[in-house]
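Hi everyone, thanks for making time for this.

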Amino acid sequence: MRAVRAALGAAAVGVLVAGCGAPAARVDGARAAGEGFEQALAAGDNEAACRLLAPETLEQLEQDERKACAQVLGAEQLPKAASVVATEVYGRQAMLRLEGDTLFLSQFSDGWKVVAAGCTPQGERPYQCVLKGG
């Protein structure tokens with residue numbers, strides 16, 4: 001009986017912890033968008049990577065460089081990223097930590113988009129990002 005109570009207690013804790021996090025679909029969506037962005041960059045498919053940028057980020061990049069996103073994205077010196085280390089979702093915002101890069105994403109009506117890329121922590125200060133919206 002003691003083993004059954006322990007198992008039920010562990011299951012209840014698991015349900016409570018899972019209930020505090022973001023739904024799996026949002027986590028999966030943010031992760032897929034971030035991975036898609038990194039894969040497009042690695043393949044040199046700047047058009048696909050640009051489609052995964054948030055509107056303000058895309059606009060800021062094109063405004064700063066005075067060229068279309070696909071023409072300049074490769075020159076942004078974004079770090080090469082590997083596998084996902086962690087995905088944290090808070091409402092409609094997400095942070096995707098990869099080996100070599102950190103991305104910030106937002107959920108829009110047409111899916112998750114990259115708001116900032118090439119981000120590195122700065123201790124107590126905000127992340128420093130190579131690519132970000134205005």
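Let me start with a question: is the link of Cys50 and Cys69 left-handed or right-handed? Before I answer, please keep in mind that this is a predicted model, so every value you hear today is computed from it.

Now the answer: the link of Cys50 and Cys69 is left-handed, with -90° about the S-S bond. Cys50 sits in helix α3, residues 46–51, and Cys69 in helix α5, residues 69–72, so this pair ties together parts that are 19 residues apart in sequence. The two sulfur atoms are 1.9 Å apart. For those of you thinking about solvent, Cys50 and Cys69 are both buried.

How many disulfides are there by this count? The count comes to 2 disulfides. The other pair to look at is Cys119 with Cys129, where the S to S distance is 2.1 Å. Here the torsion about the S-S bond is about 115°, so the disulfide of Cys119 and Cys129 is right-handed. In this case the partners lie in strands: Cys119 belongs to β4, residues 111–122, and Cys129 to β5, residues 125–132, so the pair ties together parts that are 10 residues apart in sequence. Cys119 is buried, and Cys129 is buried as well. If you number the bonded cysteines of the protein in sequence order, the pairing reads 1-2, 3-4.

The largest pocket holds about 260 Å³ of space. It is lined by 17 residues, and the closest to its centre are Glu38, Leu41, Ala42, Lys80 and Ala81. Which element gives the most to that lining? That would be helix α2, residues 24–43, with 5 residues. Sorted by class, the lining of the largest pocket has 9 nonpolar, 5 polar and 3 charged residues.

Lys80 came up in that list, so let's stop there for a moment. Find Lys80 in the loop between α5 and β1. Is Lys80 buried or exposed? Its relative accessible area is 73%, and the cut-off for exposed is over 50%, so Lys80 counts as exposed. Setting aside neighbours within four places in sequence, Lys80 is in contact with Glu99 and Gly100.

Thr87 is in strand β1, which covers residues 84–90. At a relative accessible area of 16%, Thr87 is buried, given that buried means under 20%. What does Thr87 touch, not counting residues up to four places away in sequence? Its partners are Val27, Ala30, Arg31, Met95 and Leu96. Take Val27 from that set: Thr87 and Val27 are 60 residues apart in sequence, yet 6.8 Å apart in space, C-alpha to C-alpha.

I'll finish with the backbone. Most residues other than glycine have a negative phi. With that in mind, have a look at Arg66, which has a positive phi of about 55° although it is not a glycine. Where is Arg66 found? Arg66 is in the loop between α4 and α5, and it is exposed, with a relative accessible area of 76%.

Gln77 is another one to check. Gln77 also has a positive phi of about 55° without being a glycine. You'll find Gln77 in the loop between α5 and β1, and at 69% relative accessibility Gln77 counts as exposed.

Notes. Residues are numbered from 1 along each chain as its sequence is written. This is a predicted model: local features need pLDDT of at least 70, side-chain atom pairs count only at pLDDT 80 or more; totals for chains, interfaces and linings use all residues. Side-chain values use heavy atoms; hydrogens and water are left out. On a 1 Å grid over the protein atoms alone, a cavity is a set of points where a 1.4 Å probe fits but cannot get out, and a pocket is an open set with protein on both sides within 12 Å along at least five of seven lines; lining residues have an atom within 4 Å of a point. Grid points are joined across faces, edges and corners, and a volume is the space filled by probe spheres set on the points. Helices (H or I, at least four residues) and strands (E, at least two) are DSSP runs, numbered from the N terminus. Ala, Val, Leu, Ile, Met, Phe, Trp, Tyr, Cys and Pro count as nonpolar, Asp, Glu, Lys and Arg as charged, and the others, Gly among them, as polar. A disulfide is a pair of cysteine sulfur atoms within 2.5 Å. Buried means under 20% relative accessible area, exposed over 50%, partly exposed in between (1.4 Å probe, protein chains only). Contact means heavy atoms within 4.5 Å.
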